[in-house]
Amino acid sequence: MVDHFSLLKKTLLFLLIVGTFFLSGQNKFTISGTLKDQKTGEVLIGAIVKVKELPLVGAASNAYGFYSVSVPEGKYTFSYTYIGYTTLDTSIDLHHNLKFNIELGETSTTLKEIVVSSEKANNNIVSSQMSAQTLNVKEIKSIPVFFGEKDILKTIQLLPGITNVSDGTSGFYVRGGGADQNLILLDEAIVYNPTHLLGFFSVFNSDAIKDVTIFKGGIPAEYGGRISSVLDIKMNDGNSKKLSVSGGLGLIASRLTVEAPINKGKGSFIISGRRTYADLFLKAFGPKNLRNTSLYFYDFNLKANYQLSSKDRVFLSGYFGKDNFTFNNSAASNRGFGINWGNATGTLRWNHIFGEKLFLNSSLIFTNYQSNIVLGAGDAQFKVTTGIQDFSLKEDFNYYVNNRHVVKFGFQSMYHTFIPGEVTVNTASSIGPTRLGRTIERKHALENAVYISDDYTVCSWLKLAVGFRLSTFTSVGPNTVYSYDANGNIADSSKYKNNQPIKTYIGYEPRASATFIINDKSSIKASYNHINQYLHLLSNATTSTPVDIWVPCSQIVKPQIGDQEAIGYFRNFRNNSIETSVEGFYKTMQNQIDYVNGADLRFNKTVESQLVFGKGWAYGVEFFIKKKTGKLTGWVSYTLSRTWRQFDSLNYGNKFPAKQDIINNLSIVGIYKLNPKLTFSATFVYHTGFAATFPSGKYQIGNQVVNYYTERNGYRMPTYHRLDIGVTLQGRKTEKFESDWNFSVYNAYGRQNPYSISFQPDPNDPTKTQAVQLSLFRWVPSITYNFKF
Amino acid sequence: MRKSRYFILLIPAVIFSLYACEKVVTLDLKNADKQVVVQGNVTNMPGPYIVNLNYTIPYYSSNTFPVITGAQVNIYDDAGNSEALTETTQGVYKTASLIGTPGRKYTIQIVANGNTYSGISAMALPLPIDSFLIQPSIRNSIVTGYRVTCKFTDPVGVGNHYRVLITSNDTANLGQNNSRIVSDKLTDGKQLSVSFRTKLISTDTVKILLQCIDKSTYDFYNTLQGAVGNSSISQFLAALPANPTNNISNKGLGYFAAYAVTTNTKVIP
C-alpha cells in the first residue's frame, strides 16, 4: 500500500513539472464557458469551437459541456458548431479572460430542408482520435429496432468492427476481443451486465441517454481496465428550462420520463423508467407449457444536477434495473428453474473550474451487479447468488494549457468485492443440504490507476495524443488462497487476514496516436494502445448468460493484456456531408482463459483449477461511409477480419477461430425523410456465421450416442442476414405537445437465423441422429407511440 | 380509437412470432476418419470381463456401429498377471481366467489395424452401502413414483470417486437419469447420499450399484455430457461441445475402467 501512495506522489510531482513546462508566458487570453441546448438546457458534449482568424486554433467541449480556448489579444470571430444545431458565430474583442456561456438552437429540419452548415464540421478528419464513434440518441431514433425499443447497444453493432453475440442480443464483441473486454460506463459507473431479458434488450433506456461514444482502438489514457473497447454512455441532465414529460407505449414495454428545472434553472433533474409486460401476455394467451414462465424487466434512471456557483456544479446519477426469468414446465413438478439479475449504479460528481484553464471533476461511484439462480420453488428453494460490487473515487483534471496542448490527468481508486457463489437453501430442498457447504468466500481487491495525456497540435498538419496510464491491482484478504496439483486437487491453502495484500500486479500502459492532416478533407491516423485488464468473465455455456461469473486476477489468474495497432485513412466528401474511412488493426491478447473439459464453473471454490490459459490475436480492415445530411442519411459499414485463439491444452495445441470470428460483416442503415411528417428507415445486416464446434462423426457408449468432435470451432453456423424496416409518422406538433407513431418489422423477410444448433437423437427414428436449428425471431412487428409535452 | 383496435390485433401476432422455431437442418459435416472406440471394464466381481471395440461412423449414418474384429486385446495387472482376450462374438472380447482384485492397477493394450491403443485404470477398494432407501413420492395424496436413495461413507482422504447406478426390471418407469457420478473433492470423509427420482411402481425390483471408480473413469463420465445431444432449451446453459476426457492413448475414444462394485437389491413394497 505504501508503495502505491509514494508512486502516486511521484506521478503528481511529474504532472506539476510537465504543467510548468507548458506555461509559456505570452500575452494570451482565454475564453471559456459551457455550451448548452437552447431549448432544454442540456449540455452539449463534443461541440466544436473554432476561431475564424486562426485556423489552427480550436477546441471541443468536454463531457460537461465545458470549453476553453486561448488566443493572443485581439478581435476574433468565434464559431460554435454542433451537429444538428445551427452554428453560432460571434465576434469578440478579447482583452482579458472571458467567461462566455453559449446556447445553441437545434437546426429546424421541419420546413427548410437541410441547411448545410457553412462551418466545416470535419472533426473526424482533424481530431487526434481514431477508431471511435459517437452516436447521439436523437440521431439514431428512427432506426428500426427490435420490438420498437431504441437500443444503443444494438445500434453500435451496426458499426464496423463490432458484432453481436447471437441473434437479437445486446452483448457485443469489438475487433475480435471477448465480451468481457468492453468497458461499459454509465455516467462513469461500470455496468457489468448490460443486458435485459437473456440479452435481448440492453439495460440502457434511450430516453434517459444523451449520447454514446465507443472507442475501438487508440483508447485514451483516461480509460483503463478493459482491453478491447470503451463504451462511454452519458445520461441526460434533465430539462433546465421547463417541466417536460415524455414517454412511449410499446408492445413489449412502456416508458415514462419526467424532467424539470430545479430552482429556476440553477439545476435540473430527470427520472425515467420502463417495464416490460410480455409475461402478462404469455400468461393469458401463451402456449400451455409457457404459461408458468415469467419474464420481465424494469429499470429506472435518475439524474439531478445543480449549479452551486459559476465555478461549481454537482451531479447525482443513478440506475437501478432488475430482470426476472422463471421457466417452470409445470408448477406441480417442483422443478422450477429461474434466474434473476440486476445492476445498480450511483455516481456523485462535482465539477469545479479553477480559473479559465483548469477543469476538475471528482466522482464517487458505486456499482453493484448481482444474479441469482433459483432451483425449485417455495419451501424447496435452493438459491445461488453471484455478483460484484465496486466503490470508487476518481479525480479527472482537464488542463487547457494553451491552444496547442490539452492535458488530461487524474487518478482512480476502486475497491472490488466479488461474490463467486453464495448458497441459500430452504428447508425442504433435496439438492440443497449437500451443497450448502459450497458457499464460496467473497474476494476483495483494490484497483488503482494514475494517468496523464496530452493532446498536442504540433503544426498545421500534425496532431499527437500521447498518454500514459499506470495501473495496479492488489487482491486483498480476507481470503483463503489455494494452490493446486497437476490433477486440479488442492495442494495447499493459506489464509489471509483483513486487507492483507495477497498479490499485486502493475501495468505500464502507454497510449499514443498521431494524425497527419493532408488537407481539410483528408487525413491519415495511426494509434497504439497497451492495456491491462484485471478481471475475467467466466462463462462455459454456449451462449452468454446472466450467471456468468466475474473473477479477479490472483496468483493463478494473470491479467489480460491487450496491445493494438491501428492505422486509418479518413476522407470527407461534399462539404463534409459524407464521411468515409478505412481502418486496419492488429490486436494481441495475452492471458486469455478457457476451461478444462467438463469444467464446473458455478459455485466452485476451486474454480481456478478449472481454467487453462492461452493467447489470442485478431486483425482486420474496416470500411465506413456515412451520409450525415440530406433527405437520405445513414451509413454502410463492412469489416473483413479474423480472430484466433491458441491454448496448449485445447485443440491439440493448434490455433482455432474464436466463436466471434466473423469474417465478413456488412451493415447498411438508411433513413429517408420523405417529408417533415414521414420518415422511412431500413437496416440490413449480413455476416458470416459464428464459428462452432460440430461433430464429424459419432459413436456409442452404453446405449448413448456420443458425438465425435475432431476440431474446435472448425465449422460455421449458417450465414446470418436480416432486414428490418420502419416507418415513423409524426403526429401533430405544437409548442406544447408532440407525438409520433413508430411501426417496424424486425427480420422483415423472416429469415430463420440460427440461434443454436443441437445434435440429438431423431425422435421419429431412434436409429438416426439429427441436427436441429433453433431460430428465435422471424417477422417481429412492433408499434410504438411516443409523446412529449 | 381505431388505432387502439389495431394495437390489440397486433398482440397475438407478436406472441406468434415470439415462438422459437425449431427445424431439422442438414449440415455439410465432415466425415472424420474412423476412430477406434473402446468400452472395457474390469471389476471385483467374477469374470468374464468384456471389452467392446467399435468404429466411429459419420454423423448422418444410421446408428449401426461397425465392430472391430481380429484385434489383439491384452489386459495386465501390476501383480504380474495378464491375459489375452478371446473374441467370442465379432467385436466382443472376453477374459477367461482373470480375477479382478481391488487395489491393483490394470492396463489394457489393443492392437487393431496396426495401431496400438492402451489405457490404465486402478481398481479402488469396494465400499459398503450404509443404507438403501425407497420412499414414495407423494403429491396431492397420490403416489407418483418412488425415490431411491443410496447412502455410503466416504473414507478419509481426498481422491475417491463413485458412480451410482440403479437398474430395474421395469425399465420403462426407471427414467433416463439412472446413473450419477460423485467426487469427494469437497465432501471428504462424509456420508454421501445419492437419490434418484423414478416413476417405478409397487412390486418392481430395483437394484443399486455403488461403483468405486478411479479419477480417469470419473473424468470420462463427467465430461461425457458435453458430447451427448442436448435439447435446445438446455443449450442456454449447456457446456461447450468437446470430446470426453478419457484414458485411451493414441486419440482412441471410449474408456477402460477398473472398479469395485457393491450392490443391493430390493422389491418395492
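1. A quick word on terms: two strands pair if DSSP finds at least two bridges between them, and strands are DSSP runs of E, at least two residues long, numbered from the N terminus. By that rule, strand S16 (residues 209-215) of chain A pairs with S17(A) in the antiparallel sense over six bridges. Ile209(A) stands opposite Met235(A) in S17(A).

2. Please keep in mind that this is a predicted model, where local features need pLDDT of at least 70, side-chain atom pairs count only at pLDDT 80 or more, and totals for chains, interfaces and linings use all residues. Residues are numbered from 1 along each chain as its sequence is written, while chains are lettered from A and ligands numbered from 1 in the order in which they are written.

3. S17(A) has another partner to look at: strand S12 (residues 182-186) of chain A pairs with S17(A) in the parallel sense over five bridges. Here Ile184(A) has Leu231(A) as its bridge partner.

4. Is S17(A) (residues 229-235) buried or exposed? Seven of its seven residues are buried (20 or more other C-beta atoms within 10 Å of the residue's own, with C-beta atoms placed from the backbone). In a regular strand the side chains alternate between the two faces of the sheet. On one side of S17(A) lie Ser229(A), Leu231(A), Ile233(A) and Met235(A), and on the other Val230(A), Asp232(A) and Lys234(A).

5. Over in chain B, three strands form an open antiparallel sheet in the order S10-S11-S14. Its edge strands, S10 (131-139) and S14 (191-198), each pair on one side only. Nine bridges join S10(B) to S11 (residues 142-153) of chain B, and Ser137(B) has Gly145(B) as its bridge partner in S11(B).

How values were computed: Helix = DSSP H or I, 4+ residues; strand = E, 2+ residues; numbered from the N terminus. Buried ≥ 20, exposed ≤ 12 C-beta atoms within 10 Å, placed from the backbone.
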